Protein chains: 2
Amino acid sequence: MSRRYAVLGTGAVGGFYGARLQRAGAEVHFLARSDYEQIARAGLRVQSPEGDFHLSDVRVYRQATAMPPCDVVLVALKTTQNALLAELLPPALKPGGTVVLLQNGMGSEQQVAAIVDKETPILGGLTFICANKIGPGLVQHIDYGIVTLGAYAHDEAALGVTAPMAAVAADLQTAGIPVQLAEDLQLARWSKLIWNIPFNGLSVLLEAKTDELMSDPATAELAKELMEEVVAGALACGRRIPEDFIDKMLDHTRRMQPYRTSMKLDYEQGRELELEAIYATPLRTARAAGFEMVRVGVLYRQLQFLDGRQRA
Amino acid sequence: MSRRYAVLGTGAVGGFYGARLQRAGAEVHFLARSDYEQIARAGLRVQSPEGDFHLSDVRVYRQATAMPPCDVVLVALKTTQNALLAELLPPALKPGGTVVLLQNGMGSEQQVAAIVDKETPILGGLTFICANKIGPGLVQHIDYGIVTLGAYAHDEAALGVTAPMAAVAADLQTAGIPVQLAEDLQLARWSKLIWNIPFNGLSVLLEAKTDELMSDPATAELAKELMEEVVAGALACGRRIPEDFIDKMLDHTRRMQPYRTSMKLDYEQGRELELEAIYATPLRTARAAGFEMVRVGVLYRQLQFLDGRQRA
């Protein structure tokens with residue numbers, strides 16, 4: 001692999017994908033804060049059903065300004081940290097390099113677009129992965145791992161498959177990561193929100209895993225109604241989700257292992273919730289297109305209360 | 001006081017109003033279950049800022065069939081117990097007697113109408129009181145106590161001030177209870193729901209007292225939106241709530257002492273929640289009139305989940 005990678009945020013997601021790329025031969029530079037000492041001394045470990053491995057020699061940095069400019073920057077911060085991007089991103093990005101946002105929700109590409117120059121390719125990378133950071137420099141990969149890549153356009157039009165997208169996809173595939181190419185990033189973002197909006201919020205509000213929410217008729221129905229509302233929001237923004245998508249997602253959720261969503265994990269661990277990316281931005285985007293997602297708004301306000309109280 | 005009273009359900013509400021009537025000279029017969037032994041042996045005690053008192057000699061029954069027929073039956077069960085009314089009510093009610101429902105929510109009068117004969121006057125008694133049963137036969141009255149009385153019509157029309165209503169009001173006033181006469185019971189029920197729907201539900205879902213909900217801008221706004229939805233539901237049912245009502249209620253809530261709602265107390269004590277009376281019936285009633293209370297429906301489904309899990 002000839003492209004040099006930077007990983008901003010060496011948590012479960014950044015640690016997993018960055019380590020897999022390095023194991024496959026890429027030159028990878030990791031920005032880490034809390035885990036810096038441990039990674040500098042002992043490297044990165046990944047436990048995974050696809051094979052445990054240990055990278056003893058890891059290029060790790062405490063400051064972005066110390067990083068070399070890279071061909072591809074993988075942003076794997078929580079979206080709640082995106083205010084740091086203006087400082088972290090420019091030093092790590094080579095002129096002509098590509099930014100890939102491995103982040104939840106909606107709105108991150110727009111934030112990056114305001115920082116980098118107009119020609120910089122910005123890709124959304126929607127990850128579907130169960131992974132946790134279970135110790136300093138130690139990632140436990142539990143299941144899945146596919147990344148959906150899509151290219152961001154300033155006018156938010158569908159760009160199809162671009163050259164930078166194909167290049168990053170090739171590297172991920174070389175590292176054994178399944179990749180899906182989305183011709184329309186916004187459609188991919190809305191599609192992922194259809195699941196994240198009901199299940200992230202309800203899992204926090206009702207202290208429940210996915211299986212409990214699906215086995216109660218009241219919350220199974222509520223999840224479906226919330227999904228329908230997000231589909232209508234997407235449609236107002238010109239993104240048509242196929243009719244059978246909701247049933248497929250519900251069916252999939254019913255059959256998957258009991259799952260604590262990422263927002264539930266964040267809440268349990270006292271971290272700020274990703275409300276801006278997963279709720280506020282989609283609500284605002286649909287509203288600007290003339291559609292009010294009323295039920296989603298109820299969840300958003302309830303979650304704001306819980307998040308505010310927890311961080312008070 | 002010449003009218004003989006029965007009290008079905010000697011909890012905080014039944015205990016308080018029944019004891020005040022007896023203290024003022026009425027003949028009162030109490031149906032009690034868990035507290036029967038204690039009340040039979042040691043009577044009823046009320047602690048109150050309006051004066052503590054003790055009734056040592058209380059007519060208390062374990063079975064409704066043992067009660068004498070009474071002129072007025074005060075129903076002070078939780079609405080979750082209303083399936084018992086078909087059995088409890090007829091023995092306690094004298095032919096020509098009046099039923100008064102000291103209950104939350106909507107739909108109880110209709111349930112009673114299906115049990116008693118067509119001529120029986122049915123009154124709704126909406127209580128605004130802070131009182132708890134803090135031990136067997138021991139009621140702690142904290143604040144307020146006003147009762148709003150309204151007469152039920154089979155076609156749900158406004159009946160104005162009826163003779164049975166005036167008679168019960170006179171007895172309550174003799175017992176030192178402030179009374180308000182509602183010319184339109186359904187309007188009174190909707191008006192009370194405007195507060196109960198947001199604050200009962202949110203207090204349970206967010207484990208919060210009224211002051212916390214009002215001091216957070218997100219939940220203060222959500223409470224207001226829920227209130228607006230209930231006002232619209234009432235309007236669909238032909239009940240016009242005055243325009244400044246919501247602001248008055250919010251202002252009142254902001255200035256009142258931090259308050260755990262009755263539903264929050266029920267939830268904390270593992271009791272079934274009054275979801276049918278406070279959520280399901282109003283939702284159904286508005287829907288039948290052509291209006292869907294969407295936000296209220298979200299709360300209802302969330303509460304069903306919590307209630308179901310707690311009682312599983």
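Me: Buried means under 20% relative accessible area, exposed over 50%, and partly exposed in between (1.4 Å probe, protein chains only). Which residues of α1(B) are buried?

Reply: This is a predicted model, in which local features need pLDDT of at least 70 and side-chain atom pairs pLDDT 80 or more, while totals for chains, interfaces and linings use all residues. Residues are numbered from 1 along each chain as its sequence is written, chains are lettered from A and ligands numbered from 1 in the order written, and side-chain values use heavy atoms, without hydrogens and water. Helices (DSSP runs of H or I, at least four residues) and strands (E, at least two) are numbered from the N terminus. In α1(B), the buried residues are B:A12, B:G14, B:G15, B:F16, B:Y17, B:G18, B:A19, B:R20, B:L21 and B:Q22. With ten of its twelve residues buried, α1(B) is largely enclosed by the rest of the structure.

Me: What span should helix α1 of chain B have?

Reply: The expected span is 1.5 Å times one less than the number of residues. For residues 12-23 of chain B that gives 16 Å, and the end C-alpha atoms are 16 Å apart, so the two agree. After α1(B) comes B:G25, with a positive phi near 115 degrees.

Me: Where is a positive phi found in a residue other than glycine?

Reply: Most residues other than glycine have a negative phi. B:Y144 has a positive one, about 60 degrees. B:Y144 sits in strand β9 (residues 138-151) of chain B and is partly exposed at 32% relative accessible area. A:E207 also has a positive phi, near 45 degrees; A:E207 belongs to the loop between α6 and α7 of chain A.

Me: Is B:M165 buried or exposed?

Reply: At 0% relative accessibility, B:M165 is buried. This residue of helix α5 (residues 163-174) of chain B has contacts (heavy atoms within 4.5 Å) that include B:L123, B:L149 and B:L181, leaving aside residues up to four places away in sequence.

Me: How is the area buried between chain B and chain A read?

Reply: Buried area is the accessible area (1.4 Å probe) that two parts lose on being put together, summed over both. Here it is about 2100 Å², and carbon and sulfur atoms give 63% of it. On the side of chain B, B:L206, B:R301 and B:F305 lose the most area to chain A, together 31% of what that side buries. In contact terms, 23 residues of chain B meet 23 residues of chain A.

Me: How many salt bridges cross the interface of chain B and chain A?

Reply: The rule finds four. One of the salt bridges in the model pairs A:R301 with B:E225, at 2.8 Å from N to O.

Key:
A salt bridge is a side-chain nitrogen of Lys or Arg within 4 Å of a carboxyl oxygen of Asp or Glu.
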